[in-house]
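Me: I would like to go through this structure in questions and answers. Please keep it plain.

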Amino acid sequence: MGQTKVAEFYYRKSLEEYNGTTDELPFYSQTAVNLSNLLYDSNDYEGALKVLLPVIAKMKEHEGNLFIPSVELPKLYLSM
């Protein structure tokens with residue numbers, strides 16, 4: 001198994017393990033950005049979007065929360 005596939009496996013595993021807490025949201029969004037970039041680089045554009053869209057929706061639910069860095073949501077959009 002190549003390093004890309006191993007990274008993809010662990011990124012997906014990390015996203016699955018997200019428990020919905022606000023404390024973990026920045027890490028959740030960064031993991032999604034990393035995975036989507038990996039998929040994009042592998043020419044899997046649809047897969048990259050499938051990763052990002054649910055995370056963007058989750059970030060919008062928490063928009064305005066003081067504990068979420070304000071750079072996270074734009075970072076997700078830029079990854080698209």
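Me: Where is N43 placed?
Reply: Residues are numbered from 1 along each chain as its sequence is written. This is a predicted model, in which local features need pLDDT of at least 70, side-chain atom pairs count only at pLDDT 80 or more, and totals for chains, interfaces and linings use all residues; side-chain values use heavy atoms, with hydrogens and water left out. Helices (H or I, at least four residues) and strands (E, at least two) are DSSP runs, numbered from the N terminus. N43 lies in the loop between helix 2 and helix 3.

Me: What is phi of N43?
Reply: Most residues other than glycine have a negative phi. N43 is not glycine, yet its phi is positive, near 65°.

Me: Is N43 buried or exposed?
Reply: Buried means under 20% relative accessible area, exposed over 50%, and partly exposed in between (1.4 Å probe, protein chains only). The relative accessible area of N43 is 53%, so N43 is exposed.

Me: How many helices and strands are in the protein chain?
Reply: From the N terminus on, the elements run α-α-α-α. The count is four helices and zero strands.

Me: Are helix 2 and helix 3 roughly parallel or roughly antiparallel?
Reply: Axes are lines fitted to C-alpha atoms, for helices over the stretch in contact, and angles run from 0 to 180 degrees between N-to-C directions. The axes of helix 2 (residues 25-41) and helix 3 (residues 45-61) come within 8 Å and cross at roughly 165°. Angles under 35 degrees count as roughly parallel, over 145 as roughly antiparallel, 65 to 115 as roughly perpendicular and the rest as oblique. Helix 2 and helix 3 are therefore roughly antiparallel.

Me: How many residues of the contact of helix 2 with helix 3 are nonpolar?
Reply: Contact means heavy atoms within 4.5 Å. The contact is made by residues including Y28, L35 and L39 of helix 2 and V51, L52 and K58 of helix 3. Ala, Val, Leu, Ile, Met, Phe, Trp, Tyr, Cys and Pro count as nonpolar, Asp, Glu, Lys and Arg as charged, and the others, Gly among them, as polar. Three residues of this contact are polar, one is charged, and the nonpolar ones number 13.

Me: How is helix 1 oriented to helix 2, roughly parallel or roughly antiparallel?
Reply: Helix 1 (residues 3-17) and helix 2 pack with their axes 9 Å apart, at an angle of about 150°. That makes the orientation of helix 1 to helix 2 roughly antiparallel.

Me: What share of the residues of the protein chain counts as buried?
Reply: The protein chain has 80 residues. The buried share is 34%.
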